[in-house]
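This report goes through one protein chain, from its overall layout to single residues. Please read it with the structure open.

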Amino acid sequence: MGQDKRRAGIQMLSVQPDTKPKGCAGCNRKIKDRYLLKALDKYWHEDCLKCACCDCRLGEVGSTLYTKANLILCRRDYLRLFGVTGNCAACSKLIPAFEMVMRAKENVYHLDCFACQLCNQRFCVGDKFFLKNNMILCQTDYEEGLMKEGYAPQVR
């Protein structure tokens, strides 16, 4: 585990009774449990493969872990420590690297801020929205703006 980011998968394996017990990379004891985890080309007790920051068990959280600066991390802590933060295009407040966002071209938004900037209608998955003059608009406000400008939207 060097300085570079590394994303690794985690496998859960059942221990065959006739095999020699493997050593755990976390505690250095033999793994005598029914199941073990394999990650980073090493074997681990289920309780020993944990995030260095929050101590969550990585075998339970998901099938991916991250390593950087000799740390084994869950996705959330990796992004918190090493991810890129930015500002919301609507409210200008900081968006933490681990937070879910919405994107429209080069703009990034908090989920709560991703709404029509005229009527404040929030968008759901699959809703149509428009980006005009760097403003997010719902279909109604977009079409009303076109009508005021003398353009009629094409209905198909």
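Predicted model: local features only at pLDDT ≥ 70, side-chain atom pairs only at ≥ 80, totals over all residues.

Residues are numbered from 1 along each chain as its sequence is written, and side-chain values use heavy atoms, with hydrogens and water left out.

**Layout**

The chain contains three helices and 11 strands; helices (H or I, at least four residues) and strands (E, at least two) are DSSP runs, numbered from the N terminus. Their order along the sequence is β-β-β-α-β-β-α-β-β-β-β-β-β-α. Of the 156 residues in the chain, 26% are buried. Buried means under 20% relative accessible area, exposed over 50%, and partly exposed in between (1.4 Å probe, protein chains only). The accessible surface of the chain is about 10800 Å², and carbon and sulfur atoms account for 47% of it. Accessible areas come from the Shrake-Rupley method with a 1.4 Å probe; for residues, only the protein chains shown count as cover. Among contacts (heavy atoms within 4.5 Å) between residues at least 6 apart in sequence, 28% join residues at least 24 apart.

**Cores**

A nonpolar core is a set of buried Ala, Val, Leu, Ile, Met, Phe, Trp, Tyr and Cys residues joined through side-chain atoms within 4.5 Å. The largest one has 18 residues, and I10, L49, L58, L65 and I72 have the most contacts inside it. Two or more residues of this core come from each of strand 1 (6-14), strand 2 (35-39), strand 4, strand 5 and helix 2 (75-82).

**Cysteines**

A disulfide is counted for a pair of cysteine sulfur atoms within 2.5 Å. By this rule there are zero disulfides. For C54, the nearest cysteine sulfur is that of C56, 3.4 Å away. C54 is partly exposed, because its relative accessibility is 40%. The sulfur of C116 is 3.7 Å from the closest cysteine sulfur, in C119, so it is too far for a bond. C116 is buried, at 1% relative accessibility.

Most residues other than glycine have a negative phi. N70 has a positive phi of about 60°, and N134 has one of about 65°. N70 lies in the loop between strand 4 (64-68) and strand 5 (71-73), and N134 in the loop between strand 10 (129-132) and strand 11 (135-138).

| Residue | Relative accessibility | Class |
|---|---|---|
| N70 | 52% | exposed |
| N134 | 47% | partly exposed |
| M100 | 59% | exposed |

H110 is in strand 9 (residues 107-110) and is buried, with a relative accessible area of 12%. Leaving out residues up to four places away in sequence, H110 touches C88, C91, K93, L94, I95 and E99.

M100 sits in the loop between strand 7 (94-95) and strand 8 (101-104). Together with M102 and L111, M100 forms a nonpolar patch on the surface, with about 280 Å² of accessible area in total. Patches are made of residues with over 30% relative accessible area and no salt bridge; like charges are joined within 9 Å, and nonpolar side chains (Val, Leu, Ile, Met, Phe, Trp, Tyr) within 5 Å. A salt bridge is a side-chain nitrogen of Lys or Arg within 4 Å of a carboxyl oxygen of Asp or Glu.
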